[in-house]
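Hello,

Here is the structure I said I would pass on. My notes on it follow below.

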Amino acid sequence: MQAFTVHKGIVAPLDRSNVDTDAIIPKQYLKSVKRTGFGPNAFDDWRYLDPGEPGMDGSKRRPNPDFVLNQAPFDQATILLARKNFGCGSSREHAVWALTDFGFRAVIAPSFADIFFSNSCKNGLLPVVLAEDEVQNLFEQVEANPGAQVEVNLEEMTVTAPDGTVFDFTLDEDRRHRLLNGLDDIALTLQFADDIRAFEERQRREWPWMAERAQG
Amino acid sequence: MAGKTLYDKLWEAHGVREEPDGSTLLYIDRHLVHEVTSPQAFEGLRLAGRKPWRGDSVLAVPDHNVPTADRDKGIADPVSRIQVETLESNVTSLGLKFFPMADVRQGIVHVIGPEQGATLPGMTVVCGDSHTSTHGALGALAFGIGTSEVEHVLATQCLWQKKTKAMQIRVEGELRPGVTAKDVVLAIIGRIGTAGGTGYAIEFAGSAIRSLSIEGRMSICNMSIEAGARAGMVAVDEKTIEYVRGKPQAPTGEMFERAAEYWRTLVSDPDAEFDAVVEMDAAEIAPQVSWGTSPEMVAPIDGRVPDPAAESDPVRAEGMQRALEYMDLKANTPMTEIRPDKVFIGSCTNSRIEDLRAAAEVVKGRKKADNIKLAMVVPGSGLVKQQAEQEGLDRIFLDAGFEWREPGCSMCLAMNADRLEPGERCASTSNRNFEGRQGQGGRTHLVSPSLAAAAAVAGHFIEPSALKEA
């Protein structure tokens, strides 16, 4: 996983609450068996005027000029700003892969759906929770001054707004540690292989039906 | 000291190790796998030279991409076909349990888990699918995970989790005739909102929940995620134990009795404390119809489309306005005047035998209305389909002009060929009414199976009891 320490970039204001993962990456793109290549189809239904299908040539499609990510300088944005309950709905990690493939490194919102939040942390895309009034403040600054840069610092757990205001955020220590160091979760867990085996021993004794091999 | 919640008990029974910050390595008993969220996980495993930790914990099935018609011709869309073939080659090369498309046991992963007894009370159950909460109806801790976590469970049989808060949603009293589990859960989401359960595990309790069948409880737990909660659950009772008895993968004989004795302890203690409690009066819940593009946007069947002008929160009002525009609805329209173009009865929320019986009861002796271009019934599994056919339900639907299809996720998310055309309006028993969910530009109204059936017959939303005599 790509580590996240400090990132400074352009913020795209997506002024909607309840942005669901169907909107972030529509279902037809979930048919891919790869982890990459979802960026051109991030927010496909909002981003293009013509219906999209996998394998289409993006350069021949009709972008929706009203959609924020089609407008300079937001097409170069690396931080996404949205309203509450971002990433609700389906567990599809493809939504996170679409955002990272587009170039996003962080999403700032007043709240996130649980599964999206967890998926995001596993892919080096930092979900930053700020208070609603702080998010409102950022919307106002970014809309008044498009292209203004915001700095997200995971070491300090701060967001520095274009006008220099510093907002604090929190992230649990375990996730922060993994993100700062870009750690491979599985390798870390396998250090505890003996604990897992001991648990399985105990389960076989106490609840032997749980681990019985399914027949058929 | 306060007693333990059901969630506490399930959590404590699966902790492998706890770190000082509260992160817990949680053991996973059952890992359900489907074709959409697993290929990148299997690839990751392969690239790292890892093998599944406990292959016998896996049950794999293709469901999202499978066709529901002309199945003998295979999958026409090459991209869908590759995804299903990739699942098959991944699981067969590792020797994992798998129901291919042609197997009568194939179906929607959340229908076949309980049906096979692959998911049991007291288990931790995960799947790369947010509707995994369905299995909580059996008194299990079941939740959806992303693909990185799918790979992690394959490799280690565990997940790092932090215990969430616990919420109890208590629905007390008797449900009115014609009010189903689906109406209860839509009313709950309407009340607490799509983020109301975020950061919580929800236990559904109260006399109205206990009065529901296990299948009804599954419909409720299924939509926990639409209320923001990763996990939803219902305490074990004798109905749970009778439901599990005799299922193909359930323990048998003396082992079953030993298991049942343990399962009976899977209830919240009377003095257990919850971080949040929501109480609802069952008698006040009416049949529900969603009007917007979020599952919290629901109204009772005898109600009207709400007016954004009456909403005081400006962000919320704007969301409502946007939803009405997308749905092509005017504020204050009676719900019964909304006329769908298509009707979809299916999905992991409502495709079990009781759902099909409820829909068939409404349809029996009646005909689909002329303005309904398509009314389709998609059973949740091959075994549900078989059971329905033995009961003659397929004839009832076919005689009424409905289509009777093969099992799969189908038009709930339109990854296969079943989808809405732009602008089409659908009465759907599925779980999400997001923009484009059932096809780009499609408009979804979430309802129960009996309301969907009634809409198909009348050509507009209506309470089944208000239909003319068949």
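**The sheet in chain B**

In this predicted model, strand 18 (residues 425-428) of chain B runs parallel to strand 19 of chain B, and four bridges join the two. Within this pair, B:Ala427 stands opposite B:His445 of strand 19. Both strands belong to an open sheet of five strands in chain B, with the order 17-16-15-18-19 and parallel pairing. Strand 17 (403-404) and strand 19 (443-446) of chain B are the edge strands, each pairing on one side only. Helix 15 (residues 449-458) of chain B packs on the sheet, where it touches strand 15 (342-345), strand 16 (374-377) and strand 18 of chain B. The direction of helix 15 makes about 150° with that of strand 15.

**Helix 3 of chain B**

The 16 residues of helix 3 of chain B should span 22 Å at 1.5 Å a residue, and the end C-alpha atoms are 22 Å apart, which agrees. Its buried residues are B:Ser80, B:Gln83, B:Val84, B:Leu87, B:Asn90 and B:Val91. What do the buried residues of helix 3 of chain B pack against? They pack against helix 2, strand 4 (58-60) and strand 5 (97-98) of chain B. After the helix comes B:Gly95, with a positive phi near 70°.

**Contact between the chains**

Chain B gives 62 residues to the contact and chain A gives 51. On the chain B side, the elements that give two or more residues include strand 1 (15-18), strand 2 (24-27), helix 3 (78-93) and helix 10 (253-263). Helix 5 of chain B has the largest share of that side, six residues. By class, the side of chain B that touches chain A has 24 nonpolar, 25 polar and 13 charged residues.

**Chain A**

Chain A has eight helices and seven strands. Its C-alpha trace spans about 65 × 40 × 25 Å along the principal axes. Of the 216 residues in chain A, 43% are buried. Among contacts in chain A with a separation of 6 or more, 65% are between residues 24 or more positions apart.

A:Val135 sits in helix 5 (residues 132-144) of chain A. With 23 other C-beta atoms within 10 Å, A:Val135 is buried. Not counting residues up to four places away in sequence, A:Val135 touches A:Leu81, A:Ile108, A:Ala109, A:Pro110 and A:Leu130. A:Ala109 is 26 residues away along the chain, yet its C-alpha atom is separated from that of A:Val135 by 6.5 Å.

**Backbone points to check in chain A**

Most residues other than glycine have a negative phi, and most peptide bonds are trans. A cis peptide bond joins A:Ala72 and A:Pro73, with omega about 0°. A:Pro73 lies in the loop between helix 2 (44-47) and strand 2 (79-82) of chain A.

A:Asn18, which is not a glycine, has a positive phi near 55°. It is in the loop between strand 1 (6-14) and helix 1 (21-24) of chain A. Is A:Asn18 buried or exposed? A:Asn18 is buried, with 25 other C-beta atoms within 10 Å.

A:Met157 also has a positive phi, about 55°, although it is not a glycine. A:Met157 is found in the loop between strand 5 (149-153) and strand 6 (158-160) of chain A. With 14 other C-beta atoms within 10 Å, A:Met157 is partly exposed.

Regards

Methods
Residues are numbered from 1 along each chain as its sequence is written. Chains are lettered from A and ligands numbered from 1 in the order in which they are written. This is a predicted model: local features need pLDDT of at least 70, side-chain atom pairs count only at pLDDT 80 or more; totals for chains, interfaces and linings use all residues. Two residues are in contact if their C-beta atoms, placed from the backbone, lie within 7 Å. Ala, Val, Leu, Ile, Met, Phe, Trp, Tyr, Cys and Pro count as nonpolar, Asp, Glu, Lys and Arg as charged, and the others, Gly among them, as polar. The expected span of a helix is 1.5 Å times one less than its number of residues. A residue is buried if 20 or more other C-beta atoms lie within 10 Å of its own, exposed if 12 or fewer, and partly exposed in between; C-beta atoms are placed from the backbone. Two strands pair if DSSP finds at least two bridges between them. Axes are lines fitted to C-alpha atoms, for helices over the stretch in contact, and angles run from 0 to 180 degrees between N-to-C directions.
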